[in-house]
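This note collects comments on the fold and contacts of the model shown below.

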Amino acid sequence: MELERTAVDIHQCEKTFLDGTKALQPTNLRIEPGEVVALLGPSGCGKTTLLRIIAGLEKSDGDGSVWFGSDNVTRLPVERRGIGMVFQHYALFPQMSVASNIGYGLKIRGASEQEIKRTVGELVDLVRLNGLEHRKPKELSGGQRQRVALARAIAVRPKVLLLDEPLTALDAKLKESLRDELADLLRRLNITAIHVTHDQHEAMSIADRLVVMLAGKVVQVGTAEDLYRSPKHPFVASFLGRINTLKVIRDSRGQTGVCIGGIWIPCFASVNKDSEVMLRPEDISLSVVDSLDSPTKIAHRVFLGDRVHLRVHTEDAGDLLVDAARDCPFQTGDSVKVHVAAEALMSFGDY
Amino acid sequence: MKSNIRQSPILLLLTILVSLFIICPALLSITSGLEENYSKGWKSGFTLRWLRDVWSNYGNTVTASIAIALCCVIGNVLLGVTGAYALARSKSKLSIWFEELLTLPVAVPGLATALALILAYGQVREFRQSFAFVLVGHMIFTLPFMVRTVAASFRRQELIALEEASATLGAGFIQRFFSILVPAALPAILSGSLMVFTLSIGEFNLTWMLHTPLTRTLPVGLADSYASMRIEIGSAYTMVFFIVVLPLLWLMQFVASLADKKYGT
């Protein structure tokens, strides 16, 4: 199925709800044609509001505008925007069969019986629902419902595909397999897609670019790797993966740095005393220490199969999260020595 | 519940006593309509004479009542369902106030509502003397039952999502309303219709004030027969009421449960 590729431009969109809550601060965002973008953030960060403004289900306050390619769609009602949307709980039409659900949009557009049948058949193949065409939504499993919702949304050949927490209603195991399937399908369709989620793994595995949001604001936009390796905001660092926060101190020569387990690590970037730097758990390595009375000890150990999560107690930097490889020999109570490369410290300056 | 009753003979006895207390008047009323002479009891012999009398004197009230109840259901579906949608989607505070106002005729005595109708429209002779006048009274009384039931259904998060889904797929308002919302709210619409039908068939308060000798309904005829005829005729009338209304109610309930199976979620 060949679909149109459209750029989406969001210009100064903002939303204040009737009860006075500011759901979305003035926001600008450009999504390239064929790009898959995830709006990522905790609940209440404004990601769903932004998605609904793009869909036309909410109106932006003030002069905010939404553009699909060179068309200003701000004033177009939702039914004329040419979008496809997958809802959180799928919102499949309960009285219709799988085939009627998928064909609904085409029927509304007045397509011929023949064309509807052909397109529905094509989509049933694409999302592997063969043999289930005549079932009712309530007779389907969660994963099957999700695929019907997806097929129904792309049946109308939308300019933009919008996905509102499409995997939230599924259990963990299914979520993981459908996540990869969805990522694969979106690449094959080559469609502009905007995907809302609060799950960073979901966002990282599906989207080309992540838009991290907090309290109605876009905090940072970038690829998963960019955001993980060089976050511009402590929230981005802590939201994408686990993190240690350390207090910056000044040594006798006036240099700034942090002290971990009695070892001085200088900060290269210009940071002030009393500000904080962050450190990923996998950037800390451990080695054996001879003296048994070393104050740096393993406080907690969780074996996760492929990795080991440790909590290391230090006297000067408090408890640190450490990510070690599967064969890590240290047990709870063992004394260890901590190693950190100075480049691994992430500092944020003024954000 | 079943096991509770089995375990406790006292509970069982209590249940039987309460049930008898409630059922006895109905049974007595029906049987006295079949007895030759009520004061002498069943020893006086049984007859169908009273039933025939009722049918010849009041037979037309049966058709009138059913026709009014059906018209009332149709009117409620047309006005109530659309009104319920408007109220359910309105963001204005006025809509809450309006919904309360709509419920007022249920709280205000029917006599008062009827009096107001007569004061306002009593001069329009053709209207006043037709069944339409009674129908209007029934509509005013039953509308809140339909509107509240259906509006509650339209307000469900699930139905809001269905409506939005249909909009994203390109459906305009009319298409959304008829292809998605009405089927999704059908169980509520049917249960509302059932309630409206039942209320209209048995409505006495308003109808007593609104009727003319030529526009009588079943309950009004019943009151008339109690007041002006032998007690046996009144009882036979009650029996007619049961015979007419019960099968209709069962039928409607059956249709409603069928629809619930098909459209329920």
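In which helix is the place of S32(B)? The coordinates come from a predicted model, and the first point takes up this residue.

1. Position of S32(B). S32(B) belongs to helix α2 of chain B, which covers residues 9-32. With 21 C-beta neighbours inside 10 Å, S32(B) counts as buried, since the criterion is 20 or more such neighbours. When neighbours within four places in sequence are set aside, its contacts are Y38(B), I231(B), E232(B) and S235(B). A further distance concerns G221(B): 189 residues separate S32(B) from G221(B) in sequence, and their C-alpha atoms lie 18 Å apart in space.

2. Architecture of chain B. Of its 265 residues, 34% count as buried. Among contacts in chain B that join residues at least 6 apart in sequence, 74% link residues at least 24 apart.

3. The largest nonpolar core. This core holds 145 residues, of which I54(A), L162(A) and V150(B) touch the most other members. Helix α3 of chain B (residues 49-89) gives the most to the core, namely 13 residues. Domain 1 (8-239) and domain 2 (245-347) of chain A both supply residues as well, and the core therefore lies between these two domains.

4. Surroundings of V150(B). Neighbours within four places in sequence again being excluded, V150(B) is in contact with G80(B), V81(B) and A84(B), and also with A185(B), A188(B), I189(B) and G192(B).

5. Contact between the chains. How many residues of chain A are in contact with chain B? There are 21, and they meet 18 residues of chain B. On the chain A side, the elements that give two or more residues are β6 (83-86) and α2 (98-108). By class, this side of chain A comprises 13 nonpolar, four polar and four charged residues.

6. The six-stranded sheet of chain A. The strands form an open sheet in the order β6-β7-β8-β3-β9-β10, with mixed pairing. Why do β6 and β10 (217-222) of chain A each have one side without a neighbour in the sheet? Both stand at the edges and have a single partner strand each, so one side of each remains without a neighbour in the sheet. From one strand to the next, the twist averages 20 degrees.

7. Pairing at β6(A). The partner here is strand β7 of chain A (residues 160-164); the two strands run parallel and are joined by four bridges. In one of these pairings, I83(A) has V160(A) of β7(A) as its bridge partner.

8. The β1-β2 hairpin of chain A. Strand β1 (residues 8-16) and strand β2 (residues 22-31) of chain A pair in the antiparallel sense over six bridges. K15(A) has L24(A) of β2(A) as its bridge partner. Five residues lie between the strands of this hairpin, in which G20(A) takes a positive phi near 95 degrees.

Notes: Residues numbered from 1 in each chain as written. Chains lettered and ligands numbered in written order. Predicted model: local features only at pLDDT ≥ 70, side-chain atom pairs only at ≥ 80, totals over all residues. Core = buried A, V, L, I, M, F, W, Y, C linked by C-beta atoms within 7 Å. Buried ≥ 20, exposed ≤ 12 C-beta atoms within 10 Å, placed from the backbone. Domains from an automatic or database assignment. Contact = placed C-beta atoms within 7 Å. Nonpolar A, V, L, I, M, F, W, Y, C, P; charged D, E, K, R; others polar. Pairing = 2+ DSSP bridges. Axes fitted to C-alpha atoms, helices over the stretch in contact; angles between N-to-C directions.
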